[in-house]
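Trainee: I am new to this structure and would like a close look at a single part of it. Could you walk me through the pairing of strands and what surrounds it?

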Amino acid sequence: MTGFNETFSQLLIDNQVLSIDQVRSIQNKLYKNDKPLLDLIADLGYASKKDLLPLYAEAYDIEYIDLAEYQIDIYKASKLLGENICRKFGMVALGTEDSVLLLGMKDPKNIFAIDSAQLLTSMMVKPVLVDETLLEEKLDLIFPPKPEVIEPEPVQEVQPESIQPESVQPETLQPEELTSAAPVKDPEYSMPKLGDKKPKKAKTSAKTSKVDTIFRERLGQLLLDSGVIDDEQLEIALDEQKTNGGMIGNILVSKGFVDKDTLYHYLERQVGVEYIDLDKCPISEEAIQLTPRKIAKKHNLIPIKVEDGALTVVMADPLNIFAIDDLRLSTGHDIKVLLGDIEIITNLLLEYYPQDEEEDKEIEEELEEEQAVDFDEEMEKVQEEIEVEVQEIQQSETTINFNDVENAPIVRMLNMIFKNAVGKGASDIHIEAYEDCVMVRFRIDGKLVEITKHDKKLHPILVARVKIISGLNIAERRIPQDGRITLKINNKNYDFRVSILPTVFGEKVVIRIADKEDFARPKSELGFTEEDLTKFNRMLAHPNGIVLVTGPTGSGKSTTLYSALRELCKPDVNILTVEDPVEATIKGVNQVQVNTKAGMTFATALRSFLRQDPDIIMVGEIRDNETAEIAIRAAITGHLVLSTLHTNDSVSSINRLIDMEVEPFLIASSLVGVLAQRLVRKLCPNCKAEYKPNERQAKILKLEDTDQVIYKPVGCPQCNNTGYKGRTAIYEILEINDELKELISLKATAGQLYEAARQTGMSTLHSSCTRLVLTGVTSLEEMLNVVAL
């Protein structure tokens, strides 16, 4: 809080907290003083912090909470965030609401503090401004100071060391050197094989002369070059590994080719981290209490001591930077790492941390998810290409720091956004840049919902991460780009279609989420009434002709067509589709992706399809005259053609084809039927409330029964307080009969066609939605949003 912006100064003057002369005086003093702004004003005696903080929050568009009047659940606050992280960043967990953490902060603009809180709690964070002095008082209540315990004079501590052969002296490592590379021993000197009385000289090579290199030597080769094992023993171990899997070091020990102390001595050299014998090492109770059980079990590590503000841990995999990062965030301490035996670590974890089956199950699920969603592997594949592109394209804008792009918090933040979107059933993710922040919004059940805001500084790194995993050009920020990501979240496959658009304040990212399993749903689960389903099946049973599915973007047209194609797909049927893009693959169907740059358009693909002996053709969308004419002619010449149009209702599709200059007689002879559809939000069954409609509402619903009850949305935690949960489809199915064919040929108006269709028993979108309102599936408000009266 060092700045003195114009809004804040004006608010101080308007509220008569400071005079104009006092504001000028403070502005002059700020240049000569390192004190935070509010402290400076308070020290000068112009105003108290209690008067200043609400105005400061208003100036920076931040919520302010007075902790003097705020009740905190002490137990819950202590469980959400640990003491070290709270005191380090000056923040406190005030409570949670709808999976959002309310975080009291002395500096709500500290993105590193917010990021740490998000990672530790796996929740979205809403930062609020609080008084620093009151914050410290609350922290003392939540985390009371521990009484000092006078400990007896300690017995001289035995320095942990590896058991070395008699001619090799063990080296001790000072605490401050715990995370540095182990000293490089004489390359001519090697550990003896079991049974040897004297150490052997190793082969001199470039590999053994330098341990701390970028590409470390394989352990088996290191042992071989040092003379610890011979070629035959290494070959036996490698064959065993190939057959049964496992770590090469463990196999060599199990075969009796090396002992554990020798193995860990060379592992120490290989990874550059000191090995410690845990059987001889005292373990501090303070270190155990400081380290969360979940992190210790998940990453197979045991904490041994806390010294000079640093936590020392022993790990089987000391190069696991994610484990170290998790530990640093959760404890607020610097981390020093030692190498240890995995079996001893496992036994110590059982000894020092009590059993918790529920938490162990969570750890297993998290590890499975992390293996499934391996972003870092994809990043490594494109990293070299990206760096070359950035070097070649010299832009006037600031270059993105690749270390920032690769750091774990940003990767995890994006993972959290993806998981949160999938968990909430979102269809789209919007990442938008504004003048002062980055906003993340989800489209849930057809409506955009604001999820979180981040500091503007995070925007280029977040966008860069999206570009990397979707295979886009990270250096290009001037033109739109489209990409695709395939991920497995919670053991389900999802497609994420990425669209990036340059805007005034930075690139806007929209990510469409496609659940591959949604496209595999049978037609009976799509919301058809029994009568409508019979009509649709009758249309699909035609050997030739064209069936159109219409509706606006996001109305479920693709899902309906995919469900139809899955049921039409049989061994004796040749199905060809042309789509932009291919949203899901169907076994037994030949699917073609539109590629305009390469000349593969809908029309081009259709011409080729006619030479591929098709039975059924699906065209993703009829967009122009050329595609429309080829599709119609394919339908006339003995093929069943399925396609989509963007029109408001079924009857309008006929006029749309005529507008595309398709001859009415061709439409009349080829069109089998049109299915118009919309998606409506379903009322949350947990909180919906019944009521009797008024006169106007009854008229809209065409009600004659005055006692008819309908339902309205209320809102509860289960539906994110929207009152709606999930969506279903409403349909209007137009079957083309002889009367309609004649009217189409005579170029009848949309009104004439609509009336004729109604007389043949067509159920309109309005009547279909009315049925859902009367049965309590949706509300009248939602009906009015979706269907024209």
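Mentor: Let's begin with strand 7 and strand 12 (residues 506-515), which run antiparallel and are joined by four bridges. Strands here are DSSP runs (E) of at least two residues and helices are runs (H or I) of at least four, all numbered from the N terminus; two strands count as paired if DSSP finds at least two bridges between them. Across this pairing, I429 stands opposite I511 in strand 12.

Before going further, please keep in mind that this is a predicted model: local features need pLDDT of at least 70 and side-chain atom pairs count only at pLDDT 80 or more, while totals for chains, interfaces and linings use all residues. Residues are numbered from 1 along each chain as its sequence is written, and side-chain values use heavy atoms, with hydrogens and water left out.

Now widen the view. The two strands belong to an open sheet of six strands, in the order 9-8-7-12-11-10, with antiparallel pairing. Strand 9 (447-455) and strand 10 (481-489) stand at the edges with a single partner strand each, so one side of each has no neighbour in the sheet. From one strand to the next, the twist averages 20 degrees. Helix 21 (residues 459-469) packs on the sheet, touching strand 7, strand 8 (437-444), strand 9, strand 10, strand 11 (492-503) and strand 12. Contact means heavy atoms within 4.5 Å. The direction of helix 21 makes about 45 degrees with that of strand 12; such angles run from 0 to 180 degrees between N-to-C directions, with axes fitted as lines to C-alpha atoms, for helices over the stretch in contact.

Next, look at the way into strand 7. K424 lies in the loop between helix 20 (408-423) and strand 7 (426-433). K424 is partly exposed, with a relative accessible area of 23%; that term covers values between buried (under 20%) and exposed (over 50%), using a 1.4 Å probe and protein chains only. Leaving aside residues up to four places away in sequence, K424 touches F442, I444, I451 and N720. The C-alpha atoms of K424 and R443 are separated by 9.6 Å, though these residues are 19 apart along the chain.

Finally, here is the wider setting. The protein has 32 helices and 21 strands, and buried residues make up 47% of its 789 residues. Among contacts between residues at least 6 apart in sequence, 63% join residues at least 24 apart.
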